[in-house]
Amino acid sequence: MNIHNSLTQIHNLAGNLAERAKSDEEFRSQIETDPLGTLTAAGLPGEIIGDFLRDSGLSADGDVQGYWSICAGTAVQTS
């Protein structure tokens with residue numbers, strides 16, 4: 001599988017998960033309670049969960065408290 005196909009699959013999965021979070025209150029609640037566990041179990045790579053939460057509106061202030069993200073190869077804490 002090439003990188004383009006992988007990115008396309010991740011993008012499609014993220015879109016599907018965002019739609020599910022909008023329509024499924026229980027799933028949205030699970031994401032709010034345990035975003036990393038819920039979304040990685042659904043197949044989303046951990047490295048993009050912070051972006052996913054911001055882009056899907058699941059993070060009210062645009063910042064995912066206590067979440068670690070990878071930026072230019074360096075781990076930084078967002079809170």
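Buried residues (under 20% relative accessible area with a 1.4 Å probe, protein chains only) make up 20% of the 79 residues in the protein. The model is a predicted one, where local features need pLDDT of at least 70 and side-chain atom pairs count only at pLDDT 80 or more, while totals for chains, interfaces and linings use all residues. Residues are numbered from 1 along each chain as its sequence is written, and side-chain values use heavy atoms, with hydrogens and water left out.

**Exercise 1.** Work out the order of helices and strands along the sequence.

*Solution.* Start with the tally: the protein has four helices and two strands. These are DSSP runs numbered from the N terminus, H or I of at least four residues for helices and E of at least two for strands. Then read along the sequence, and you get α-α-α-α-β-β.

**Exercise 2.** Describe how helix 1 packs against helix 2.

*Solution.* Take the geometry first: the angle is about 110 degrees and the axes are 5 Å apart. Axes here are lines fitted to C-alpha atoms over the stretch in contact, with angles from 0 to 180 degrees between N-to-C directions. Angles of 65 to 115 degrees count as roughly perpendicular, so helix 1 and helix 2 are roughly perpendicular to each other.

Then list who touches whom: helix 1 brings Leu17, Arg20, Ala21, Lys22 and Ser23, and helix 2 brings Glu25, Phe27, Arg28 and Ile31. Sorted by class, that's four nonpolar, one polar and four charged residues.

**Exercise 3.** Is Glu19 buried, partly exposed or exposed?

*Solution.* Locate the residue: Glu19 is found in helix 1. Partly exposed covers the range between under 20% (buried) and over 50% (exposed), so Glu19, at 47% relative accessibility, counts as partly exposed. Finally, Glu19 and Ser56 are 37 residues apart in sequence and 8.7 Å apart in space, C-alpha to C-alpha.

Note on methods: Angles under 35 degrees count as roughly parallel, over 145 as roughly antiparallel, 65 to 115 as roughly perpendicular and the rest as oblique. Contact means heavy atoms within 4.5 Å. Ala, Val, Leu, Ile, Met, Phe, Trp, Tyr, Cys and Pro count as nonpolar, Asp, Glu, Lys and Arg as charged, and the others, Gly among them, as polar.
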